[in-house]
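User: I would like to learn how to read side-chain features in a protein model. Could you walk me through this one?

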Amino acid sequence: MENENDFRIRTYTKKELACLYCPNATARCAIRTLPRWIKRNRELYAELLLTGYHVRVRTFMPRQVGIIVHYLDEP
């Protein structure tokens, strides 16, 4: 589903997705922030773990992106 900023559910690198969620932060800061948000949201974290998510994974698959968007809304 697309909106005015053309966000699409697809495969994203951790850096890409983190920078979308934290557009005013440096890439390094964004990459540290997104996993922190994920881990703090217990339901989101638990659902991602079922898909094989691990904090060191560098790529989010479309299913994982969909789960993240469900809990955090679109970036």
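**Rings, charges and burial**

Analyst: Happy to, and let us begin with the rings: the count comes to four aromatic pairs, where rings of Phe, Tyr and Trp (its six-membered ring) pair if their centres lie within 6.5 Å. One of them joins Phe7 and Tyr12, a stacked pair with 5.5 Å centre to centre and 5 degrees between the planes. Planes under 30 degrees apart count as stacked, over 60 as edge-to-face and the rest as tilted. Before we go on, please note that this is a predicted model, in which local features need pLDDT of at least 70 and side-chain atom pairs count only at pLDDT 80 or more, while totals for chains, interfaces and linings use all residues. Residues are numbered from 1 along each chain as its sequence is written, and side-chain values use heavy atoms, with hydrogens and water left out.

User: Are Phe7 and Tyr12 buried or exposed?

Analyst: Buried means under 20% relative accessible area, exposed over 50%, and partly exposed in between (1.4 Å probe, protein chains only). Phe7 has 5% relative accessibility, so Phe7 counts as buried. Tyr12, at 4%, counts as buried too.

User: How do I read the pair of Tyr53 and Phe60?

Analyst: A pair of aromatic rings is described by the distance of the centres and the angle of the planes. The centres of Tyr53 and Phe60 are 5.9 Å apart and their planes are at 10 degrees, so this pair is stacked. Both Tyr53 and Phe60 are buried. Together with Tyr45, they form one aromatic cluster.

User: What sits over the ring of Tyr12?

Analyst: A charge sits over a ring if NZ of Lys or CZ of Arg is within 6 Å of the ring centre and within 35 degrees of the ring normal. Here the charged end of Arg10 sits over the Tyr12 ring, 4.0 Å from its centre.

User: How many salt bridges does a search of the whole structure find?

Analyst: The search finds one, taking a salt bridge as a side-chain nitrogen of Lys or Arg within 4 Å of a carboxyl oxygen of Asp or Glu. Arg10 is partly exposed at 29% relative accessibility, and Glu16 is partly exposed at 34%.

User: How many disulfides are there?

Analyst: A disulfide is a covalent bond between the sulfur atoms of two cysteines. With a cut-off of 2.5 Å between the sulfur atoms, a search of the whole structure finds zero. Cys19 is in no disulfide, and the nearest cysteine sulfur, that of Cys22, is 7.8 Å away. For Cys29, the closest cysteine sulfur is also in Cys22, at 6.8 Å, which is too far for a bond.

User: Which residues of helix 1 are buried?

Analyst: Helices (H or I, at least four residues) and strands (E, at least two) are DSSP runs, numbered from the N terminus. In helix 1 (residues 14-21), the buried residues are Lys14, Leu17, Ala18 and Tyr21. Their arc around the axis is only 100 degrees, so they lie on the same side of helix 1; the arc is that of the directions from the helix axis to the C-beta atoms. What covers them includes strand 1 (12-13), helix 2 (27-40), strand 2 (59-60) and helix 4.

User: Which residues does Val69 touch?

Analyst: Contact means heavy atoms within 4.5 Å. Leaving out residues up to four places away in sequence, Val69 touches Phe7, Ile9, Tyr21 and Glu74. Val69 lies in helix 4 (residues 62-72) and is buried, with a relative accessible area of 15%.
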